Amino acid sequence: MEKFTLEILFHIIGIGSASGLIYKDNSLFIIGDNSGFLYEYSTESKNLQRHEIIENATENIAKSEKPDFEAITHFGDNLYVFGSGSTAKRNKMIQINTLEKEISTNDLTDLYSVMQSFGEIKPEDFNIEGAIYTGEEWYLFNRGNGKSAKNVLFTIQGKNLINEFNILSNNYKLPKIKGVRSSFTDAVTLDDKIYFLSTAEDTDSTYNDGEILGSFIGCIDTKTMKIDFTKKISDTHKFEGLTIFKNSSDTIEFLLCEDNDTEVLEANIYKLTLNKKH
């Protein structure tokens, strides 16, 4: 998995600070950490739709008030959007049925509190930025960009995420750039593997942004929960979203989105192609 190519595939006007994406049925479903909308972009017609997933949704919510949607995953016809949990206003999980466009909201305050206790993460270092749902278990990824640099993968099993769940956790030391440890920003699962993104950002705060030093892609074996490989894919980008585009015998094509940390409503969607054979 050493060779890769990275290129811009789509340039979308109307989306800012993209923080997560799902490719499904020739559509991209995209969230932004400043926004109260779920965006639906047709890769064929290039049409962009906005769906309100919170009341009184706007494009650029004030930092102190935003729900900070940082992670999106899906299973079947349902999308699940997670707040980061980095403040008390960021503890919501939104479930969207893509067929019926039905929306429900769940408060994950209790789950996030248990995760912090179980993972020995201080509230100021808690920052969920990646999510996977397999239909049987959830994987939630704490971005270790706080002072304690805790990159933690939580495995959650049970009937729901509200009051009946079991938690496992694994800690990871991710690679550094210029002395700054990278931290989880998203992940997706494929063939008993978890592919993840991590970004090195020169900050020790889950709230304040810092200088971007680059991003990696990596792989975790779900049977051993150990890292198979990491590979630096950029010196300048803060990649925050990852989804499977195409999978063949020789290559995996991912789509990535980038958080530009501005209020400009433009988003580049990148295609990352990884060779499966060394």
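**Close-up views of a predicted model**

View 1. Glutamate 59 counts as buried because its relative accessibility is 16% (buried means under 20% relative accessible area, exposed over 50%, partly exposed in between, with a 1.4 Å probe and protein chains only). Residues are numbered from 1 along each chain as its sequence is written, and side-chain values use heavy atoms, with hydrogens and water left out. Glutamate 59 sits in the loop between strand 5 (48–52) and strand 6 (69–75); helices (H or I, at least four residues) and strands (E, at least two) are DSSP runs, numbered from the N terminus. The glutamate 59 side chain makes a polar contact with the side chain of tyrosine 39 (2.3 Å), and another with the side chain of arginine 50 (2.3 Å). A polar contact here is a pair of N or O atoms within 3.5 Å; within protein, one must be able to donate a hydrogen and the other to accept it, and residues adjacent in sequence count only if both atoms are side-chain atoms. Leaving out residues up to four places away in sequence, glutamate 59 touches residues including Gly14, Asn34 and Leu265 (contact means heavy atoms within 4.5 Å).

**View 2. The open sheet 2-3-4-5.** Four strands line up in the order 2-3-4-5 with antiparallel pairing (two strands pair if DSSP finds at least two bridges between them). Strand 2 (18–24) and strand 5 stand at the edges with a single partner strand each, so one side of each has no neighbour in the sheet. Strand 4 (residues 37–42) pairs with strand 5 over five bridges, in the antiparallel sense, and tyrosine 41 has leucine 48 in strand 5 as its bridge partner. Strands 4 and 5 form a hairpin with five residues between them, and lysine 46 in the turn has a positive phi of about 65°.

**View 3. The open sheet 6-7-8-9.** Another open sheet of four strands runs in the order 6-7-8-9, with antiparallel pairing. Its edges are strand 6 and strand 9 (103–107), each with a single partner strand, so one side of each is left without a neighbour in the sheet. Strand 8 (residues 92–97) and strand 9 share five bridges in the antiparallel sense, and glutamine 95 stands opposite serine 104 in strand 9.

Methods. This is a predicted model: local features need pLDDT of at least 70, side-chain atom pairs count only at pLDDT 80 or more; totals for chains, interfaces and linings use all residues.
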